[in-house]
Amino acid sequence: MLGKLIKYEFRATGRVMLPALGVLTVLVLLANLSVRLLDSRLSSFLTVLLVLVLIATFVAVVAAELMPIIIMIVRFHKNLLANEGYLMHTLPASVHSLVWAKLIVSLVWLLATNLVIVLLGGLSVMHLAQMNLAQLLAGFPSLEELRRMLASVGLNMGDFYLVLAELALIIILSGLVSCLHFYAAMALGHTFTRRKGLMSVLCFVGISFAFSLITNLLGIQEVEYLNTVTVVTVRGGLNVLHGTMGKSFFYLLAQGALLYAATVFGLQKKLNLA
Amino acid sequence: MAILECKNLSKHYGKVAALEGVDLSIEPGRVVGLLGPNGSGKTTFIKLVNGLLTPTAGEVLIEGSRPGPASKALVAYLPDRDFLADWMTVEQQLRFFADFYKDFDAEKAKEMLARLGIDPAQRFKTLSKGTREKVQLILVMSRKARLYLLDEPIGGVDPATRDFILDTIIRNYNPEAAVIISTHLISDVESVLDEVIFLKEGRVLLHEAADSIRETQGTSVDRYFREVFKC
């Protein structure tokens with residue numbers, strides 16, 4: 001059932017996200033072309049036009065960053081809390097499947113959007129620096145070079161991959177927690193009989209405030225702890241990094257579990273479709 | 001075994017009781033009219049059976065199970081509003097139903113759409129209100145469900161569409177399933193009803209066979225309803 005829900009979720013969101021990412025790509029390519037053309041002698045009309053393309057590109061990049069978040073909010077509301085909810089909540093699927101389908105698809109779009117922006121940014125840098133892909137890649141060390149560099153400080157490729165895996169896990173978990181933050185606020189806000197939109201916003205603000213307070217307190221504690229740590233070797237520094245990332249992971253996991261429970265509670269126990 | 005059983009079912013919104021101590025048992029092969037004025041608790045009752053609301057007290061059982069994914073596979077529900085994704089075409093809606101409901105008969109749905117001249121390639125949002133209601137009913141009634149819950153299926157549509165809706169319900173009659181029709185337009189549905197439930201202020205006022213009401217009261221269900229709920 002989860003697979004089918006994900007399929008339809010991609011269909012519903014993809015019809016907006018894919019064209020949006022397409023427009024962003026075209027605008028960035030046009031912007032690259034504009035930068036090149038701005039170097040040559042052009043009429044003032046064309047110069048204005050090219051500057052407008054650059055401004056539009058900047059706006060598109062900002063909009064693209066916001067797009068998956070807006071789609072996520074609108075989709076969750078429309079599909080689970082408004083009229084379509086009468087269909088979705090009567091499918092032979094659990095509330096967990098409904099929430100996970102939304103979570104997975106929103107996470108994919110969040111990551112895909114950022115990946116496209118990074119790739120297009122890299123392309124622009126390459127273009128501005130008048131480099132080709134081979135020249136750009138030559139700037140990065142090969143695996144063998146990396147192995148030698150790590151060995152020179154007493155580390156190995158396993159350490160490198162472990163840090164990468166920890167980073168990837170934290171990025172994925174952060175993405176899921178961000179989505180759940182919106183979902184929990186909406187699910188709880190809609191348990192009220194009136195002013196559900198306003199109550200959702202208030203729930204969002206309340207959750208944000210509570211979590212930022214806890215994050216700051218834990219952050220201060222962690223900084224105080226790090227100040228007491230004496231790092232002598234690179235290996236020692238790496239262990240401290242593992243410790244901090246581990247704590248971040250479990251903190252994010254706890255946040256996610258709380259927000260997930262609030263979302264499921266709102267949708268399962270207190271569902272109140274208008 | 002009863003398809004639907006409610007034991008002391010209650011739903012309160014704060015201090016307001018939308019449904020209070022409902023005890024009901026619906027057997028297969030029956031078309032039941034859930035009748036009552038606006039605000040009598042008809043939609044609340046249907047939502048509770050569908051698992052769209054959680055009871056404040058009591059329980060509702062569908063073939064012995066509380067509302068959940070398993071019971072939802074047995075229940076075909078037509079809400080009193082547009083509930084399909086408006087960006088999808090009718091054909092895509094058909095595939096959606098076929099994907100999620102094992103008991104959905106796509107051929108039957110296509111046949112009914114063709115009979116009404118509805119183009120499956122049309123987007124749901126481009127259809128007229130009446131056509132949207134017909135498409136929704138076709139999708140719901142093309143399931144071979146054990147319990148059909150139809151909430152105000154004939155409210156706000158023209159008489160020709162009403163005829164189509166009632167005809168579709170009768171044509172798809174299945175002796176192994178029960179149909180519950182919630183409405184206050186009794187004269188239009190009276191001919192198809194086997195049983196009648198009168199709901200008043202969240203309580204069951206009467207649960208009786210339609211024929212029995214006609215015999216004992218010497219009047220139609222519609223007239224009897226008007227007497228009982230006289231303002």
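# A two-chain model, one chain at a time

Hi everyone. Let's begin with chain A, which is divided into domain 1, residues 1-140, and domain 2, residues 141-274. Please keep in mind throughout that this is a predicted model.

How far apart are the centres of those two domains of chain A? Taken over C-alpha atoms, the separation is 23 Å. The domains do touch: 18 residues of domain 1 of chain A are in contact with 15 residues of domain 2 of chain A. On the domain 1 side, α2 (44-81), α3 (85-88) and α4 (95-128) of chain A each supply at least two residues. Of the elements there, α4(A) gives the most, with 8 residues. If you sort that side of domain 1 by class, you find 13 nonpolar residues, 5 polar ones and no charged ones.

Now, what is chain A built from? Along its principal axes, the C-alpha trace of chain A spans about 60 × 60 × 35 Å. What share of the residues in chain A is buried? Of its 274 residues, buried ones make up 25%. And if you take contacts in chain A between residues at least 6 apart in sequence, 77% of them join residues at least 24 apart.

Let's move over to chain B. Here there are 9 helices and 9 strands. The radius of gyration of chain B is 17 Å, close to the 17 Å from the globule rule for 231 residues, so chain B is as compact as a globular protein of that length. Its C-alpha trace spans about 50 × 35 × 35 Å along the principal axes. Of the 231 residues of chain B, 43% count as buried. For contacts in chain B between residues at least 6 apart in sequence, 71% join residues at least 24 apart.

Next, the sheets of chain B. As a quick reminder, strands of a sheet pair through backbone hydrogen bonds, either parallel or antiparallel.

One sheet in chain B is open and has 6 strands, in the order β5-β6-β7-β3-β8-β9, with mixed pairing. Which strands stand at its edges? They are β5 (75-78) and β9 (203-209) of chain B, and each has a single partner strand, so one side of each is left without a neighbour in the sheet. Neighbouring strands of this sheet are turned by 15° against each other on average, direction ignored.

Let's zoom in on β8 of chain B. On one side, β3 (residues 31-35) of chain B and β8 (residues 195-200) of chain B pair in the parallel sense over 4 bridges. If you'd like a pair to find on screen, B:Leu34 stands opposite B:Ile197 in β8(B). β8(B) also pairs with β9(B), this time in the antiparallel sense over 6 bridges. Here B:Phe198 stands opposite B:Leu206 in β9(B). These two strands, β8(B) and β9(B), form a hairpin with 2 residues between them. In that turn, B:Glu201 has a positive phi of about 50°.

There is a helix to look for here too. Helix α1 (residues 42-50) of chain B lies across β3, β5, β6 (147-151), β7 (178-183) and β8 of chain B. Relative to β6(B), helix α1 of chain B runs at about 145°.

Chain B also has an open sheet of 3 strands, ordered β2-β1-β4, with antiparallel pairing. Its edge strands are β2 (16-26) and β4 (57-62) of chain B, each pairing on one side only. The twist averages 20° from one strand to the next. Within this sheet, β1 (residues 4-13) of chain B pairs with β2(B) in the antiparallel sense over 7 bridges. To see one of these, look at B:Leu9: its bridge partner in β2(B) is B:Val22.

Finally, where the two chains meet. How many residues does each chain bring to the contact? Chain B brings 19 residues and chain A brings 17 residues. On the chain B side, α2 (69-72) and α3 (90-100) of chain B each supply at least two residues. The element giving the most to that side is α3(B), with 3 residues. By class, the side of chain B that touches chain A has 12 nonpolar, 3 polar and 4 charged residues.

Definitions and conventions
Residues are numbered from 1 along each chain as its sequence is written. Chains are lettered from A and ligands numbered from 1 in the order in which they are written. This is a predicted model: local features need pLDDT of at least 70, side-chain atom pairs count only at pLDDT 80 or more; totals for chains, interfaces and linings use all residues. Two residues are in contact if their C-beta atoms, placed from the backbone, lie within 7 Å. Ala, Val, Leu, Ile, Met, Phe, Trp, Tyr, Cys and Pro count as nonpolar, Asp, Glu, Lys and Arg as charged, and the others, Gly among them, as polar. Two strands pair if DSSP finds at least two bridges between them. Axes are lines fitted to C-alpha atoms, for helices over the stretch in contact, and angles run from 0 to 180 degrees between N-to-C directions. The radius of gyration is taken over C-alpha atoms; the globule rule is 2.2 Å times the number of residues to the power 0.38. A residue is buried if 20 or more other C-beta atoms lie within 10 Å of its own, exposed if 12 or fewer, and partly exposed in between; C-beta atoms are placed from the backbone. Domain bounds come from an automatic or database domain assignment.
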